[in-house]
Amino acid sequence: MRIAADEVSVSLGGAQVLDRVSLAFEPGELVGLIGPNGAGKTTLLRVLAGLHQPDRGALHVDGRLSTDLIRREFARRIAYLAQNGRVEWSLRVDHLVALGRLPHRRLFAADSPGDERAVEAALHATRTARLRGRIFHTLSGGERMRVLLARALAVEAEMLLADEPTAALDPLHQLQAMDLLRSVASRGAGVIVVLHDLTLATRYCDRIVLLDRGRIVLDGAPTTLGDDLISEIYGVEVVRGHHDGAPYLVTWRALQADDKEEERGDEERG
Amino acid sequence: MRCAKAVAFIFAACLALMTATLGHADEVRPQRVVSLNMCTDELLLRLADPGQIASVSWLSQDPRNANLPDEAKLHPANHGLAEEVLSYDPDLVLAGAFTTRTTVALLKRTGMRVIEVGVPRSFAETRQNIRDIARALGQQSKGEALIREMDERLEQLAAQVAGPPLKAIVLRPNGFTVGRGSLIDEILKRAGLDNLAARLEIDNYLQIPLEAVVLQKTEILILNGDSESAPSLATQALHHPIVTALAEKLRLFDMPSRLWTCAGPSIVDAVQLLIERTRAPSSERPPS
Amino acid sequence: MSADAIRAATGRSGSLPLLFGLSLLSVLMALASLVIGYARLDIVAAASDALRGTHSLPALVLLELRVPRAALGFVAGFSLGITGAAMQGLLRNPLAEPGIVGVSGGAALGAVLVFYSGLAGAFLLALPLGGIAGAILATVLLFAVAGRGAGTTTLILAGIAINSFAGALTTLALNLSPNPYAAFEIIFWLMGSLADRSLPQLWLVLPLMAIGWALLVSTAPALDGLTLGEDTAASLGFDLQKLRLKVIGGAALAVGSAVAVTGTIGFVGLVVPHLLRPYVGNRPGRLLLVSGFGGASLLLGADIVVRLLPIHPELKLGVVTALIGAPFLFSLVYRHRSER
C-alpha cells in the first residue's frame, strides 16, 4: 500500500502549521520524522493517521482519497501510537493489547482465532507475553511502552505511525523501542516515527524527513543530513563518528543559541 | 323640692335608658364580620344578614370547593392576611382552628374579637358550631331554625335506611381514608354504611394502600377527590387502572368534598347523596 | 480480594458467567417483589386466576399493582445502571452518573412541566417525552459547560449547577400549579417511588427505554477504544461525535423516561458500575449490560426494603439508595483525594 500526503496545509489557531506538504510512504521502510519544536511533526503525523482533516490538500491511500475509505477500513490499515499513551482504566495487559483488534471485530462477536493469533504475535514481538496477566498501571515505563506498541502491532496494519515513542524512556528502553520499530519495518510494515533525538533517528531510520516551520526541508537517507542543515535548522553543532562500521552523530554544542532562539522567536511571533 | 323631683326624673330616665340598652345588648349584632375560613364563611352566609358581612375568604367563591359560591361572590374576598383583615375594620373575626396561627395571634393582640371554630368530628359538634356562630352573630333564632331543619331531614332519611349496613371505603388523594370517630364516619353510619377502614388498624396517618382497598371485599368505594382540572400525583392515584377495574365489581362513585367538610346543612346532603347512590337498584345506578 | 487481584484473575470471557448470574438475580428480585406487598396475597391463586383470564380480586392486585411495580423497578433500575456505566465510559470518570451530573434532575423538570400543565393527560406519550427532552437539555448543557475531557472538579461543579437550576425550576413549577397538592409533591420528584405505578405507565416507557438501551449497548466497542484516549480511539475507527450522540441519546431515552414515571432515584448509576467494574476487568464495554442487571437488582432490592420497613408514610426509594450511595461517594472522594 502507499499513503501519500498531497499539498497538505493545516493552520491551527491562526498559525500555518503545515504548508503544502507532499510526501509518500510505502511499507518496509522506517521513516524518521524530525524537526525542531513547532515544526508540525505531530500535526503531520495526525493528518497521515486520518485524525485531522487538512484545510487544503488531501491524503491518498493507494490512490484513493482517505475520506472515501470507511473508517474501519482505514483503521485496519493504519495504526496510530499516540504520544504519552494514557490508559484511562486499569486494564490487564492482554485485554489492552486486544483493543488493537477492535477495527477487525464486529459488535458482539467473540474473539476469532485470527484475533487471538494477532494478539499473541504482538505480545511476542514486543516480548511482553510474560506480562499478559499484569495490570498496566503496575508496569514500569519501559514495559508500558512495549505494551502500547504491542497494542498498535495487534492491529496488523500496513502502516504504523508512532508519535515520540521514546520520550520519557531511559536509554535502555529507548534503544529497545527503536530495535522493535526496526524489526516491525523489516517484517514488511511501514513505520513512520516522530523523533526528537537526532542520534536515534540517524542510526535507525532508512529515511529521514526533516520538517521546519511546516515545510519539508529534507527527505532522504540519513547520510544526506548535513552539518550545515542541522546547524541552520536546529542551531546546534554535531559531532560524527563510526562504530562497528556504522556512522553515528551526536549533538555537541549550541551555536549562538540566543541569537538563533531570538530569530526563530521573532519569525514565529511575526 | 321641684329640683329634687327633676333630678329623680332624670335619674330614673337614665336608669331606664341604661336598662333598656343593657337589655338589648344581646340584640346588638356585629356589623362588620370578616371570615377567614371556608367553613365559617358558609355559616356566616347562612346565618347573618347580608349587611353584617364585611368579607369572606376567597375559597368560598370557588364553585368546585364551596357550597355557596354565588352568595359568596356578593361580598369582597380576603386571603387571610392580617393587613387585609384590619382594612375592613371588623368588629368580629371568624377563623378556623387551622387558620394561620400568626395571623390569628396578631389580630387578637390588636384587641379584636376573634372566634375560632374547630373542625367538627360529629353531628353533635356540628350543631354546637352552628349555635356558637349564631350567638356571636346575634342570630340565635336563625341558628336554631337551621338545626331544626337539619334534624328533621335526618329523621326522614333514617327511615330510608333499611337492611344491614353496606361495607364501604372512602378513598382520598394520596391514598388517605377516613378513620373512626370522624364526622365522615358518622355520615357513613347514618347512610347505612359500614366504614371498613375504621375497622382496619390503619395507622395515625390514615393511609390505606390500594392493595388493601381492593382485597377488603368492600361493596361501595367512595372516591373523595374533587374533580380538579389540574392534575397532581395525589389525585392521579384515585384514577389508577385498578380502581377503574373495580368499577365492575362494586359501586364506585365520586363524592365532592364540599358536602362533608364543613359544619352545616350540606352534611345532610351528603347523607342523602350516599343513600341515593348506594340504595338505588343496580340497574338504575347513575353513571359515576 | 483486592480490586487488582480480581481484575488480574478475570479471564478473557470472564464476564459471561457474571452477566448470566446478575440477570438471574434481577429476575429473582422481580419475583420477590411480586410476592411482597401491603396485604397478604395468595400469589399462586392470583397467578392462576390471571392466566385463566379470571379477574378475581387477587388477580387484579397481582396484574394491576404488583406486576407494574416489579416490572418498572426492573426497567428503571436497568436504565440507571446501564446509563451510569455508559456515562462513566464516555467521560472516563468514575463519578459520572445521571444523578450527579444533572441528567436526572433535568428529566424530572421536563416531566413535571408536562404532567402538571395537563399536557400528559391530553397526550399520554408526552410524559416520557418530557422527561427525555429534559434529560437531553441537561446533557447538552453539561457538555457545553464542562467541555470535552473535563476533569472531575469541572464535571461535579457542572452537575451541581444543573441540579440546582433544575431543582429550583421544578419547585417553582410545582408551586405554580393550581392543584393544591402539587406543591407537596416535590419529594416524589426528588426522591422517587415505585408505589402505585400502573401497567399503562409501563407500556408507555418500555419501548422508549428499549431503544435507549440498544443505543447504549451499541457503544460498547467505542467505549473500550476510548480507554486509550480520543486520538487512539479515532484511529481504531470510531467516530467520536457519533459516540457522544449515541450516549446522550441513549441516556436521555432510558433515564428520561424512567424518571418520568418513578421520579429521580440517585446513586444507582454510581454504585453499581463501581462495584462491578473489577469483575469485568475494568473494561467499559463489558460493564454496560452487567451494570444494567445490577441496577435492576439493586433497585428492586431497595423497593423490597422500603415495603418491609415498618415506617409510615412509606420511605421514598431515593432515601434508601442515597443511604447506600452517599457513603460510597464519600469513599470515592476520599480515594480521589489520596490519589492527588
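The chat below goes through the model piece by piece.

Guide: This is a predicted model, where local features need pLDDT of at least 70, side-chain atom pairs count only at pLDDT 80 or more, and totals for chains, interfaces and linings use all residues. Residues are numbered from 1 along each chain as its sequence is written, and chains are lettered from A and ligands numbered from 1 in the order in which they are written.

Visitor: Start with the sheet in chain A. What is the order of its four strands?
Guide: The order is β2-β1-β4-β5, in an open sheet with antiparallel pairing. Strands here are DSSP runs (E, at least two residues), helices are runs of H or I with at least four, and both are numbered from the N terminus. Two strands pair if DSSP finds at least two bridges between them.

Visitor: Which are the edge strands?
Guide: β2 (15–25) and β5 (64–65) of chain A, each of which pairs on one side only.

Visitor: And how many bridges join β1 to β4 in chain A?
Guide: Five bridges link β1 (residues 3–12) and β4 (residues 56–61) of chain A, and the two run antiparallel. In this pairing, Ser9(A) stands opposite Arg56(A).

Visitor: Which strands does α1(A) touch?
Guide: α1(A) packs on the sheet and touches β1, β2 and β4 of chain A. Its direction makes about 130° with that of β1(A). Axes are lines fitted to C-alpha atoms, for helices over the stretch in contact, and angles run from 0 to 180 degrees between N-to-C directions. Contact between two residues means that their C-beta atoms, placed from the backbone, lie within 7 Å.

Visitor: Is that helix mostly covered or mostly uncovered?
Guide: Mostly covered: seven of the eight residues of α1 (residues 41–48) of chain A are buried. Among them are Leu44(A), Leu45(A) and Val47(A), but also Lys41(A) and Arg46(A). A residue is buried if 20 or more other C-beta atoms lie within 10 Å of its own, exposed if 12 or fewer, and partly exposed in between. Just after the helix, Gly50(A) has a positive phi of about 80°.

Visitor: New topic. Which residues touch the most other members of the largest nonpolar core?
Guide: Leu160(A), Leu161(A) and Val191(A), in a core of 260 residues. Such a core is a set of buried Ala, Val, Leu, Ile, Met, Phe, Trp, Tyr and Cys residues joined through C-beta atoms within 7 Å. The largest share of this core, 20 residues, comes from α4(C).

Visitor: What does Leu161(A) contact?
Guide: Leaving aside neighbours within four places in sequence, Leu161(A) contacts Leu45(A), Leu48(A), Ala49(A), Ile78(A), Tyr80(A), Leu81(A) and Ile192(A).

Visitor: How many residues does each chain give to the contact between A and C?
Guide: Chain A gives 26 residues and chain C gives 23. On the chain A side, α2 (71–77) and β6 (78–81) each give two or more residues, and α2(A) has the largest share, four.

Visitor: What about C and B?
Guide: That contact takes 26 residues from chain C and 22 residues from chain B. On the chain C side, α4(C) gives the most, with five residues.

Visitor: Last one, chain B. How many helices and strands?
Guide: Chain B has 14 helices and nine strands, and 39% of its 288 residues count as buried.

Visitor: What domains does it have?
Guide: Domain 1 (29–150) and domain 2 (163–284) of chain B, with bounds from an automatic or database domain assignment. Their centres, taken over C-alpha atoms, are 28 Å apart. Domain 1 of chain B gives 19 residues to the contact and domain 2 of chain B gives 14.
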